[in-house]
Amino acid sequence: MKHDEVAKRVLADIGKDNIQAAAHCATRLRLVLKDDKKINQTALDNDPDVKGTFETNGQYQIIIGPGDVDKVYDHLIQLTGLKEATTDDLKKVAASAGKQNPILNLFKLLSDIFIPIIPALVAGGLLMALNNVLTAPNLFGAQSVVQMVPGIKGFADMVNAMASAPFAFLPILIGYSATKRFGGNPYLGATMGMIMVLPSLVSGYSVAAVQAAGKMPYWDVFGMHIAQAGYQGQVLPILGVAFILATLEKFFHKHLKGAVDFTFTPMLAIIITGFLTFTIVGPVLRTVSDGLTSGLVWLYSTTGWIGMGIFGLFYSAIVITGLHQTFPAIETQLLAQKATTGGSFIFPVASMANIAQGGAAAAIFFATKDSKQKALASASSVSAMLGITEPAIFGVNLKLKFPFICAAIASGIASAMLGLFHVLSVSMGPAGLIGFVSIATQSIPLFLLCAVVSLVISFSTTFVYAKRVLKAPAQQPETSDVTGEPVAPTVSDEVIVAPVTGKVEDISKVNDQVFATGIMGKGIAIVPDSDQVVSPATGIVTVAYPTKHAYGIKSNDGAEILVHLGIDTVNLKGEHFTSTVQQGDQITAGAELGTFDRAALKQAGYDDTVMVVITNTGNYADVQPISQDTVQADQQLIALTAPSANAPVAANI
C-alpha cells in the first residue's frame, strides 16, 4: 500500500476542506466532516485500499487496517494542515458541531442497558418455549406431552420455574445494568431491584386486580398512604429508579469524604431512592409503562396486517441505524404482560426480516463469480437466517443495494401475513429460522409458512436480478513473477494460538460492527478472565501502538494477525495497559506482549472483549475457528489452510 496515495485519494473523495477534525484508532480513520453530502461514496467503495466505511456518533469512519491506518493518517494530517487529535477530542468536536442526535443518544443509552442482559432474557425465553412445547395440547397430538408422558411433569414444572425467574426478577437485572450505565454502583442498583420485587409486596402482576378489589395494603408514613406494590416484570420504573440512585450516589461521593463517604453513601442513596420509588417514581412510571404497552397493543390491533407489513418492510433499515437494540425494552414489557397483550409482535417480524436478508445473501452466493463476494455471502447468509444479520447486511446486501431491497420487500410481505394470521411470540429467542420455538404453539405452522415465504421471495428475486447485473470480476493477481504469471501470496497451513485466557465467542456478536461484520477478516472473540496478553504466533510485531490496546503480528508462515484489546479502548490513551514489545520485535508464540487491567476497563465503562482477527483472510482457502467454549492463553484457537498450488487467490477482506 502506498500510504501517501491512499491519503490523497481519501481527501479527493471526502473534500480537502470538508474535514473539521481527524483521528485514528487501530483499524480506521475517524473524521468529523462539515458536509456529509460532499462524500464521493462510490469512489471510496471502489478504492482497493479502503476496506469499508460507515458513520456513527457524528463520525465518518474509513477502515484502512492495522499497520497502515496510522501512516495514512500522518499523510492526511500533512496534506490538510489539521492538528493531530485523539478519539476523545473527536467526540468533543462532533458534539460541539451538533452531530450527535439526542434521540439517537437515548436509543444508544437503552441499547447499552439492555444488551448485557439479553442472554438472561433469551435463556428464560427459550426455557419458556420448551415449557410451551411440553405443556401445549394439539402440538404432537390431542394431549400435551406432559399428559401423554406423566413422568416428565416434574421436569416441566422445573423448566417453568426457571423460565419465569428472569422476567419475575427483571428489575434486579435492569437495576444492575442501568445503574452501571448511569455511573453508579451496579450492586446498589441490583439491591434496589430486589427491594422492588420483595415477596412481602403485592406482586406486580396482581397490583391492578388488588387495587380494584380495594385490598391493597399501605404503609402509613407521616399521614401518607404508600401502597405496598411490587414491580415484577416492569421496565420503566427501574430505569427511573436506577438513574436517581446513580445521581444520588455521585452527589454523596462528591460531598462526603473518607470513612463517612464509605459508611453512609450507600445507605443514604438507598433510603432516599427507595422512598421516592414507592411514593412518586414507581407509581408514575408504572402508569406510563402500562400506557405505552396498551398503546402498542392498540396500534397492533388497529393497523393489523398493514402495520405489520410496513414494520417488516423497514425492519432491516432500522437495524442499520442500530435502533433495533432498543426493542428488547419494549418487547420485554409486552412479554411480561402477555396475559393482556397476547405476546410480542416484534419478534416474529424481526425473524422474517432476518430470514429475508439471509435468503438474499444466499442468492448472491449462488449467483456471483467473485470469490471474495462468494466467501462473504456463504457465511453471512447462514448467520442471518439464524438471527445475526449484520455480516449479511453490511458485508453483502448493502454494498450491492438490490439484495437489501429485495429482502426488505420479502420481509414486508411475510410480516403482513403474520398480521393476517395474528402470529405472536410468547418468549424471547433467536430471531430466525429456529425462532418458531418462541412462537405461541398454535401459531407455529403459520410462522413457518411465513418464514418460507420470506426466504423464497428474497432468494428468488435477488437471484434473478443478480444473474442479470453481476459480472465476473477482472482477474487482478496481487503479485507476479518475471514471466508475468500470477503468484499466490506466500502462506502456509498454520494454527494460531489464543493471546488471552477466557471464554470463546462468535466475533459476529461483538459490539463493534467493523469486527462483527468481518470487514477486517475472519476471527474469534474472547471474553478474557486474565490480564496477560501473549503472542498468537511466532513472527514479527508489525503494529504496536503507543496506546497499547492493539497489536499486529505477522507470523513466519505468512498470517497477518490483529489482537485488539477491548472495544473503543483507544480512548484510554494507554491507561490501564502495559506493553513489553515494540514494532519490529521478533517474538515467539506464547511470549508476553503486555497486560491490561480488565477490572479497571470495566470500571471505566469499557467492554474488555479481545478480538483476534486474520486480516489477510483472503489469502487462505479456509480460516476455521477450532471449536471450544473456553481457551487458555497459548492454546490452539484458529486453523489456517493455505490454498492449493492451482487455486485462485482471493482478495483480502
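A salt bridge is a side-chain nitrogen of Lys or Arg within 4 Å of a carboxyl oxygen of Asp or Glu. In this predicted model, D608 and K602 form such a pair, with their closest N and O atoms 3.9 Å apart. The pair counts as a salt bridge because 3.9 Å is within the 4 Å cut-off. D608 is buried, at a relative accessible area of 4%. K602 is partly exposed, with a relative accessibility of 38%.

The structure holds seven salt bridges in total. One of them pairs D49 with R9, and here the closest N and O atoms lie 2.7 Å apart. This pair ties together distant parts of the chain, since its members are 40 residues apart. D49 sits in the loop between α2 (41-46) and β3 (52-56). R9 belongs to helix α1 (residues 3-14). R9 is partly exposed, and its relative accessible area is 29%.

Another salt bridge joins the side chains of K153 and D157, at 3.1 Å from N to O. Both residues belong to helix α8 (residues 153-168). They are four residues apart, so about one helical turn separates them. K153 is partly exposed, with a relative accessible area of 46%. D157 is partly exposed as well, at 43%.

On the α9 side, the contact is made by P171, I174, G175, A178 and T179. On the α12 side, I238, L239, A242, L245 and A246 take part. Of the residues in this contact, eight are nonpolar, two are polar and none is charged.

Helix α9 also packs against helix α10 (residues 186-196). Here the axes are 7 Å apart, and the angle is about 150°. The two helices are therefore roughly antiparallel to each other, because an angle over 145 degrees counts as such. This crossing, too, is right-handed. The α9 residues involved are P171, I172, G175, Y176, T179 and K180. They meet P186, Y187, G189, A190, G193 and M194 in α10. This contact comprises seven nonpolar residues, four polar residues and one charged residue. P171, G175 and T179 of α9 take part in the contact with α12 and also in the contact with α10.

F222 is not a glycine, yet its phi is positive, near 50°. F222 lies in the loop between β5 (218-221) and β6 (224-227). The residue is exposed, with a relative accessibility of 84%. K548 also has a positive phi, of about 60°, although it is not a glycine. K548 is found in the loop between β13 (539-544) and β14 (550-555). K548 is partly exposed, and its relative accessible area is 29%.

Notes: Residues numbered from 1 in each chain as written. Predicted model: local features only at pLDDT ≥ 70, side-chain atom pairs only at ≥ 80, totals over all residues. Heavy atoms only, no water. Contact = heavy atoms within 4.5 Å. Nonpolar A, V, L, I, M, F, W, Y, C, P; charged D, E, K, R; others polar. Buried < 20%, exposed > 50% of the residue type's maximum accessible area, 1.4 Å probe, protein only. Axes fitted to C-alpha atoms, helices over the stretch in contact; angles between N-to-C directions. Parallel < 35°, antiparallel > 145°, perpendicular 65-115°, else oblique. Left-handed = near helix turned anticlockwise from the far one by under 90°.
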